[in-house]
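Hi everyone, thanks for coming along. I'd like to walk you through one model today, so let me put it up on the screen.

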Amino acid sequence: MLIAGNWKMHKTATETGEFCRELRDALGGHEGVDVAVCPPFAGLAAAVQALADTEIAVAAQNVHWEPEGAYTGEISAAMLVDLGVYGTIVGHSERRQYFGETDETVGRRAAAALDAGLWVIACIGETEEERERGETEDVLRRQLVALESHDDLVIAYEPVWAIGTGKTATPETAQEAHAFIKALLDVPVLYGGSVKPENAAELLSQPDIDGALVGGASLEIDSFVAICQAGAH
Ligand code: PGA
């Protein structure tokens, strides 16, 4: 069971250090659940420092596929490894929607990160229109084809209509999508999209839901810790 907090573009490095120290104290001794935080690039060093000697992992929100080069604004996997970062998200729907990310670039980012020894949370999920047109399975299949199975690869199923909207997928809808994904690629699958303390336990009790990628509710200690506790049961 993995609970990962995707902070998106929230928290300065100073706020990150404070939050991670509080998280360390609040989570001390939680068994049965792996926990990760994914701050913006600028906060990664502060998070690594604050969480040194803990089991809480630090991951990035994106990574480039080349080891170095003329790619203004990008960060390589080697740079993340050097900072003490363990993993990275790739292919978040906000990257696909606002920054031109495609299945191909997501696949290249994932492969480079895995080659460098990072674990990867690769996000996939259909939009509301795609679901209404009955295209959910086609979309998931297309997004998955770009990814290769690997021991350190985790998929996050994040229906775009559920992200930041408060409209969580029902446990049954999520379970159905997770089972479909696992039949195509045998890796752990996290659910993401309006996960909150109130719905976490029910979602996480589904047989093919192996954890959660949490956005908004990962920004406050109390709600993030409550979701981690729900995952530990
Ligand atoms: P949300 O975001 O929990 O705020 O819906 C999830 C995500 O985008 O990873």
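Let's look at the shell around the ligand by class: it has 7 polar residues, 4 nonpolar ones and 2 charged ones. Please keep in mind that this is a predicted model.

Which residues come nearest to the ligand? Of the 13 around it, those are Lys-8, His-92, Glu-158, Gly-164 and Ser-194.

Now for some individual distances. Glu-158, one of those nearest residues, has a side-chain N or O atom 2.7 Å from an oxygen atom of the ligand. Gly-216 takes part through its backbone, with an N or O atom there lying 2.8 Å from a ligand oxygen. Then there is Asn-6, where a polar side-chain atom sits 3.4 Å from an oxygen atom of the ligand. And how much of the ligand does the protein bury? On its own the ligand exposes 280 Å², and 95% of that is buried by the protein.

Let me turn to the helices, with two pairs to show you. Start with H1, residues 13–27, and H10, residues 221–232: their axes are 11 Å apart, and the two helices pack at an angle of about 40 degrees. That angle makes H1 oblique to H10. The crossing of this pair, H1 and H10, is right-handed.

The other pair is H7, residues 136–145, with H8, residues 171–184. Here the axes come within 11 Å and cross at roughly 40 degrees, so H7 and H8 are oblique to each other. What is the handedness as H7 passes H8? That crossing is right-handed.

Terms used. Residues numbered from 1 in each chain as written. Predicted model: local features only at pLDDT ≥ 70, side-chain atom pairs only at ≥ 80, totals over all residues. Heavy atoms only, no water. Near = heavy atom within 4 Å. Polar contact = N/O pair within 3.5 Å; in protein donor to acceptor, adjacent residues only side chain to side chain. Areas by Shrake-Rupley, 256 points an atom, 1.4 Å probe, with all protein chains shown as cover. Nonpolar A, V, L, I, M, F, W, Y, C, P; charged D, E, K, R; others polar. Axes fitted to C-alpha atoms, helices over the stretch in contact; angles between N-to-C directions. Helix = DSSP H or I, 4+ residues; strand = E, 2+ residues; numbered from the N terminus. Parallel < 35°, antiparallel > 145°, perpendicular 65-115°, else oblique. Left-handed = near helix turned anticlockwise from the far one by under 90°.
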